[in-house]
Amino acid sequence: MTDATIKGLPLPRSNTTRILIVHARWNDTIIQSLVSGCVAKLKEQGVKEENIVIKTVPGSYELPFATQRLIAGSQTQSSVNAPSLLGASSANLVNLLASDPVPQPSTKTSGPVASTGPFSAAISIGCLIKGSTMHFEYICDAVTHGLMRVQLDTGVPVIFGVLTALNDDQALERAGLGRNGNKGHNHGEDWALAAVELAAQSAEWSKGNI
(Lines give C-alpha, C1' and ligand atoms only; values in the text may rest on other atoms or scores of the structure.)
Protein backbone atom coordinates (compact mmCIF):
# COMPACT_ATOMS: atom_id res chain seq x y z
CA MET A 1 0.00 0.00 0.00
CA THR A 2 1.38 3.40 -0.96
CA ASP A 3 1.83 5.93 1.83
CA ALA A 4 0.77 9.31 0.47
CA THR A 5 2.86 11.11 3.10
CA ILE A 6 6.18 9.73 1.85
CA LYS A 7 6.40 12.46 -0.75
CA GLY A 8 4.61 15.59 0.40
CA LEU A 9 2.29 16.23 3.33
CA PRO A 10 -1.39 15.56 4.08
CA LEU A 11 -3.36 18.53 2.78
CA PRO A 12 -6.51 20.38 3.86
CA ARG A 13 -9.57 19.92 1.66
CA SER A 14 -11.28 22.99 0.26
CA ASN A 15 -14.43 23.72 -1.73
CA THR A 16 -14.21 27.50 -1.72
CA THR A 17 -10.94 28.19 -3.50
CA ARG A 18 -10.75 29.53 -7.07
CA ILE A 19 -7.79 28.23 -9.03
CA LEU A 20 -6.28 29.58 -12.24
CA ILE A 21 -4.49 27.26 -14.64
CA VAL A 22 -2.54 28.93 -17.44
CA HIS A 23 -0.85 26.55 -19.84
CA ALA A 24 1.29 26.76 -22.94
CA ARG A 25 0.27 24.89 -26.08
CA TRP A 26 3.79 23.93 -27.20
CA ASN A 27 4.42 20.18 -26.73
CA ASP A 28 0.65 19.79 -26.56
CA THR A 29 0.43 16.04 -25.87
CA ILE A 30 2.51 16.45 -22.72
CA ILE A 31 0.70 19.64 -21.72
CA GLN A 32 -2.76 18.10 -22.02
CA SER A 33 -1.78 15.19 -19.79
CA LEU A 34 -0.36 17.56 -17.17
CA VAL A 35 -3.48 19.75 -17.23
CA SER A 36 -5.81 16.74 -17.00
CA GLY A 37 -3.90 15.34 -14.03
CA CYS A 38 -3.91 18.75 -12.37
CA VAL A 39 -7.66 19.27 -12.79
CA ALA A 40 -8.50 15.76 -11.58
CA LYS A 41 -6.44 16.22 -8.42
CA LEU A 42 -7.94 19.66 -7.74
CA LYS A 43 -11.43 18.15 -7.87
CA GLU A 44 -10.30 15.32 -5.62
CA GLN A 45 -9.21 17.94 -3.08
CA GLY A 46 -12.67 19.54 -3.14
CA VAL A 47 -12.14 22.39 -5.58
CA LYS A 48 -15.34 22.84 -7.58
CA GLU A 49 -15.05 22.40 -11.34
CA GLU A 50 -16.71 25.75 -11.98
CA ASN A 51 -14.01 27.41 -9.83
CA ILE A 52 -11.17 26.08 -11.99
CA VAL A 53 -10.38 28.58 -14.74
CA ILE A 54 -8.18 27.37 -17.62
CA LYS A 55 -6.51 29.73 -20.09
CA THR A 56 -3.90 29.10 -22.76
CA VAL A 57 -0.93 30.91 -24.30
CA PRO A 58 1.31 29.92 -27.24
CA GLY A 59 4.45 29.01 -25.29
CA SER A 60 6.09 29.00 -21.88
CA TYR A 61 7.70 32.41 -22.39
CA GLU A 62 4.22 33.97 -22.34
CA LEU A 63 3.23 32.34 -19.02
CA PRO A 64 4.44 35.10 -16.62
CA PHE A 65 2.63 37.89 -18.47
CA ALA A 66 -0.62 35.93 -18.85
CA THR A 67 -0.57 34.76 -15.23
CA GLN A 68 -0.03 38.30 -13.96
CA ARG A 69 -2.76 39.82 -16.11
CA LEU A 70 -5.29 37.10 -15.27
CA ILE A 71 -4.66 37.46 -11.53
CA ALA A 72 -5.17 41.22 -11.86
CA GLY A 73 -8.29 40.62 -13.95
CA SER A 74 -9.78 38.34 -11.29
CA GLN A 75 -9.26 41.04 -8.67
CA THR A 76 -11.04 43.55 -10.91
CA GLN A 77 -13.82 41.04 -11.57
CA SER A 78 -14.23 40.51 -7.83
CA SER A 79 -14.55 44.22 -7.09
CA VAL A 80 -16.99 44.79 -9.97
CA ASN A 81 -19.25 41.92 -8.88
CA ALA A 82 -19.11 42.67 -5.16
CA PRO A 83 -22.56 43.64 -3.82
CA SER A 84 -23.01 47.31 -3.05
CA LEU A 85 -23.92 47.72 0.61
CA LEU A 86 -25.34 51.19 -0.03
CA GLY A 87 -27.42 49.99 -2.94
CA ALA A 88 -28.72 46.99 -1.04
CA SER A 89 -29.61 49.08 2.02
CA SER A 90 -31.46 51.67 -0.06
CA ALA A 91 -33.49 49.04 -1.89
CA ASN A 92 -34.49 47.33 1.33
CA LEU A 93 -35.50 50.62 2.95
CA VAL A 94 -37.66 51.63 -0.03
CA ASN A 95 -39.32 48.24 0.06
CA LEU A 96 -40.13 48.57 3.76
CA LEU A 97 -41.68 52.03 3.34
CA ALA A 98 -43.73 51.20 0.26
CA SER A 99 -47.39 50.29 0.76
CA ASP A 100 -47.03 47.78 -2.07
CA PRO A 101 -43.63 46.15 -1.64
CA VAL A 102 -41.56 45.94 -4.80
CA PRO A 103 -40.94 42.32 -5.81
CA GLN A 104 -37.25 41.48 -5.50
CA PRO A 105 -35.51 39.54 -8.27
CA SER A 106 -34.93 35.89 -7.52
CA THR A 107 -31.35 34.88 -6.71
CA LYS A 108 -31.95 31.18 -7.33
CA THR A 109 -29.96 29.53 -10.08
CA SER A 110 -30.49 26.31 -11.96
CA GLY A 111 -26.93 24.99 -11.52
CA PRO A 112 -23.55 25.53 -9.86
CA VAL A 113 -22.47 29.15 -9.80
CA ALA A 114 -18.82 29.91 -10.49
CA SER A 115 -17.02 32.12 -8.02
CA THR A 116 -16.19 35.64 -9.17
CA GLY A 117 -13.73 36.18 -6.35
CA PRO A 118 -10.01 36.71 -6.92
CA PHE A 119 -7.89 33.65 -7.64
CA SER A 120 -6.67 31.86 -4.53
CA ALA A 121 -3.69 30.42 -6.41
CA ALA A 122 -2.41 30.01 -9.96
CA ILE A 123 -0.71 27.09 -11.68
CA SER A 124 1.44 27.96 -14.70
CA ILE A 125 2.08 24.91 -16.89
CA GLY A 126 4.58 24.56 -19.71
CA CYS A 127 7.07 22.11 -21.17
CA LEU A 128 10.57 23.05 -22.32
CA ILE A 129 12.78 20.40 -23.93
CA LYS A 130 16.43 21.13 -24.59
CA GLY A 131 17.49 21.44 -28.20
CA SER A 132 20.81 22.18 -29.86
CA THR A 133 20.96 25.91 -29.11
CA MET A 134 20.95 28.18 -26.04
CA HIS A 135 17.23 28.92 -26.53
CA PHE A 136 16.33 26.37 -23.83
CA GLU A 137 18.51 27.97 -21.16
CA TYR A 138 17.32 31.52 -21.90
CA ILE A 139 13.62 30.59 -21.80
CA CYS A 140 13.97 28.48 -18.65
CA ASP A 141 15.70 31.33 -16.83
CA ALA A 142 13.26 34.01 -18.00
CA VAL A 143 10.14 31.99 -17.17
CA THR A 144 11.43 30.91 -13.76
CA HIS A 145 12.27 34.44 -12.67
CA GLY A 146 9.14 35.83 -14.30
CA LEU A 147 6.75 33.53 -12.44
CA MET A 148 8.55 34.14 -9.14
CA ARG A 149 8.14 37.88 -9.68
CA VAL A 150 4.42 37.47 -10.41
CA GLN A 151 3.68 35.78 -7.09
CA LEU A 152 5.80 38.20 -5.10
CA ASP A 153 4.26 41.25 -6.81
CA THR A 154 0.63 40.05 -6.60
CA GLY A 155 0.71 38.20 -3.28
CA VAL A 156 -1.03 35.25 -4.96
CA PRO A 157 0.72 31.84 -4.88
CA VAL A 158 1.95 30.82 -8.34
CA ILE A 159 2.87 27.16 -8.69
CA PHE A 160 5.79 26.51 -11.05
CA GLY A 161 4.41 23.88 -13.41
CA VAL A 162 7.03 24.13 -16.14
CA LEU A 163 8.88 20.95 -17.07
CA THR A 164 12.51 21.64 -18.01
CA ALA A 165 13.57 18.38 -19.63
CA LEU A 166 16.79 17.42 -21.37
CA ASN A 167 15.00 15.08 -23.79
CA ASP A 168 11.56 13.87 -24.86
CA ASP A 169 11.53 10.84 -22.57
CA GLN A 170 12.17 12.93 -19.45
CA ALA A 171 9.19 15.13 -20.32
CA LEU A 172 6.90 12.20 -21.16
CA GLU A 173 7.72 10.41 -17.89
CA ARG A 174 6.93 13.54 -15.87
CA ALA A 175 3.54 13.74 -17.57
CA GLY A 176 2.74 10.08 -16.87
CA LEU A 177 3.23 9.18 -20.54
CA GLY A 178 6.58 7.43 -20.40
CA ARG A 179 7.60 4.87 -22.99
CA ASN A 180 9.33 1.47 -22.74
CA GLY A 181 7.33 0.29 -19.74
CA ASN A 182 8.04 3.31 -17.55
CA LYS A 183 4.98 5.54 -17.47
CA GLY A 184 6.49 7.78 -14.81
CA HIS A 185 4.40 10.12 -12.67
CA ASN A 186 2.10 12.95 -13.70
CA HIS A 187 3.53 16.03 -12.00
CA GLY A 188 0.32 17.94 -12.69
CA GLU A 189 -1.12 16.15 -9.66
CA ASP A 190 1.65 17.50 -7.42
CA TRP A 191 1.11 21.03 -8.67
CA ALA A 192 -2.59 20.81 -7.84
CA LEU A 193 -1.83 19.70 -4.28
CA ALA A 194 0.67 22.53 -3.87
CA ALA A 195 -1.89 25.06 -5.13
CA VAL A 196 -4.58 23.90 -2.69
CA GLU A 197 -2.18 23.98 0.24
CA LEU A 198 -0.74 27.41 -0.59
CA ALA A 199 -4.22 28.84 -1.23
CA ALA A 200 -5.42 27.69 2.20
CA GLN A 201 -2.27 28.79 4.01
CA SER A 202 -2.11 32.16 2.27
CA ALA A 203 -5.73 32.88 3.21
CA GLU A 204 -4.92 32.18 6.86
CA TRP A 205 -1.72 34.21 6.84
CA SER A 206 -3.55 37.21 5.37
CA LYS A 207 -5.90 37.12 8.39
CA GLY A 208 -2.97 37.22 10.78
CA ASN A 209 -3.35 33.53 11.70
CA ILE A 210 0.30 32.57 11.87
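Two strands count as paired here if DSSP finds at least two bridges between them. Helices (H or I, at least four residues) and strands (E, at least two) are DSSP runs, numbered from the N terminus. The model you have open is a predicted one, in which local features need pLDDT of at least 70 and side-chain atom pairs count only at pLDDT 80 or more, while totals for chains, interfaces and linings use all residues. Residues are numbered from 1 along each chain as its sequence is written, and side-chain values use heavy atoms, with hydrogens and water left out.

Let us start with the overall plan. The protein has six helices and four strands, and along the sequence they follow the pattern β-α-β-α-α-β-α-β-α-α. Contact means heavy atoms within 4.5 Å; among contacts between residues at least 6 apart in sequence, 79% join residues at least 24 apart.

Now to the sheet. The four strands form an open sheet with parallel pairing, in the order β2-β1-β3-β4. Because β2 (52-57) and β4 (158-165) stand at the edges with a single partner strand each, one side of each is left without a neighbour in the sheet. From one strand to the next, the twist averages 15°, with angles running from 0 to 180 degrees between N-to-C directions and axes being lines fitted to C-alpha atoms, for helices over the stretch in contact. Strand β3 (residues 121-129) and β4 run parallel and are joined by eight bridges; in one of the pairings, A122 has V158 of β4 as its bridge partner.

Helix α1 (residues 28-44) packs on this sheet, where it touches β1 (19-24), β2, β3 and β4, and its direction makes about 155° with that of β3. Helix α6 (residues 187-206) lies across β1, β3 and β4, at about 160° to β4.

After the helix comes G46, with a positive phi near 100°.

C38 counts as buried because its relative accessibility is 0%. Leaving out residues up to four places away in sequence, C38 touches I21, I123, I125, G188, E189 and A192. The C-alpha atoms of C38 and I125 are 9.7 Å apart, although 87 residues separate the two along the chain. S33, at 15% relative accessibility, therefore also counts as buried. Beyond its neighbours within four places in sequence, S33 is in contact with A175, L177 and N186.

Finally, look at a pair of helices. Helix α2 (residues 63-81) and helix α4 (residues 135-154) pack at about 15°, with axes 8 Å apart. That makes α2 roughly parallel to α4, as angles under 35 degrees count as roughly parallel, over 145 as roughly antiparallel, 65 to 115 as roughly perpendicular and the rest as oblique. Residues making the contact include L63, P64 and I71 of α2, and V143, L147 and V150 of α4.

Note on methods:
Buried means under 20% relative accessible area, exposed over 50%, partly exposed in between (1.4 Å probe, protein chains only).
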